[in-house]
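Please keep the sequence and the structure in view while reading.

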Amino acid sequence: MTKPDGRPLRLAGIAEAAAIYQADKSQTRRLLARDGAPRPIDTIAVGPIYDRDALEHHASSWSRKPGRPKHDEEQLPVHLDDADPMWDKHDGGSGHHGPDWQPTDHAQAAAYYQALSKTAQEIFDHLRATPGRLVSCDEIAERFNLNPDGTKNNPNVVAGYMNTTGRARKEAGRRFPFRWWETSGGAHYAVKECVADLFGAALKAKTPVRRG
């Protein structure tokens, strides 16, 4: 197979693209979803296929490798204990206006959980299973196969599946039970240990919650 100018067409999948950009696959998918990045020339069962020459040209003009934070960004730790000041430096906005969660808020916790979509419940369950751990949107998207062809932006995909959290917050009369932080090219989510314990106790005490 040749190009119109007679040169051979060299193909590359996501694995080859990741090597070109010196990034992991998730970071590479996110980079290639941006405006100005090379577009796939075809999509097969294993995913999108690119012109390798176009990828190499784009990578050579890319001033900062994907996933590497800017020097002026505050680095997020891997794990936060409940007293860590980083909890108050979140990017959750107005979703955190209102009362915080208390250990006795069993009815509010059940109401919040009930109002979530099935996928939002699964994401929240994943977060509270390891309280304090910062979970990337890439991990969430891959674990629940939310972006199967890798052509969309993972932060936007995850946010879309979490859109019922606003309704759930109003049902509970409480702020979001999770925090999120915007990072270079993505976002991280986490749940405090005290909140995870509250939801664990509240949901265990209730009859099975309908997911829908």
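The points below cover a pocket, a helix contact and an aromatic pair. The model is predicted.

**The second largest pocket**

- The second largest pocket holds about 210 Å³ of space.
- Its lining is made up of 13 residues, and Pro155, Ala159, Trp180, Ala187 and Tyr189 are the closest to the centre of the pocket.
- At least two lining residues come from each of helix α7 (154-161), strand β5 (179-183) and strand β6 (186-190).
- Sorted by class, the lining of this pocket contains eight nonpolar residues, four polar residues and one charged residue.

**The contact between helices α4 and α9**

- Helix α4 spans residues 106-115 and helix α9 spans residues 193-205; their axes come within 9 Å and cross at roughly 85 degrees.
- Angles of 65 to 115 degrees count as roughly perpendicular, and α4 and α9 are therefore roughly perpendicular to each other.
- On the α4 side the contact involves His106, Ala109, Ala110, Tyr112 and Tyr113, which meet Leu198, Phe199, Ala201, Ala202 and Leu203 of α9.
- The residues of this contact comprise nine nonpolar and one polar, with no charged residue.

**Aromatic pairs**

- Eight aromatic pairs are found in the whole structure.
- One of them joins Trp87 and Trp181 in a tilted arrangement, with 5.7 Å from centre to centre and 55 degrees between the planes.
- This pair links distant parts of the chain, as Trp87 lies in the loop between α3 (52-60) and α4 while Trp181 belongs to strand β5, 94 residues apart.

Notes:
Residues are numbered from 1 along each chain as its sequence is written. This is a predicted model: local features need pLDDT of at least 70, side-chain atom pairs count only at pLDDT 80 or more; totals for chains, interfaces and linings use all residues. Side-chain values use heavy atoms; hydrogens and water are left out. On a 1 Å grid over the protein atoms alone, a cavity is a set of points where a 1.4 Å probe fits but cannot get out, and a pocket is an open set with protein on both sides within 12 Å along at least five of seven lines; lining residues have an atom within 4 Å of a point. Grid points are joined across faces, edges and corners, and a volume is the space filled by probe spheres set on the points. Helices (H or I, at least four residues) and strands (E, at least two) are DSSP runs, numbered from the N terminus. Ala, Val, Leu, Ile, Met, Phe, Trp, Tyr, Cys and Pro count as nonpolar, Asp, Glu, Lys and Arg as charged, and the others, Gly among them, as polar. Axes are lines fitted to C-alpha atoms, for helices over the stretch in contact, and angles run from 0 to 180 degrees between N-to-C directions. Angles under 35 degrees count as roughly parallel, over 145 as roughly antiparallel, 65 to 115 as roughly perpendicular and the rest as oblique. Contact means heavy atoms within 4.5 Å. Rings of Phe, Tyr and Trp (its six-membered ring) pair if their centres lie within 6.5 Å; planes under 30 degrees apart count as stacked, over 60 as edge-to-face and the rest as tilted.
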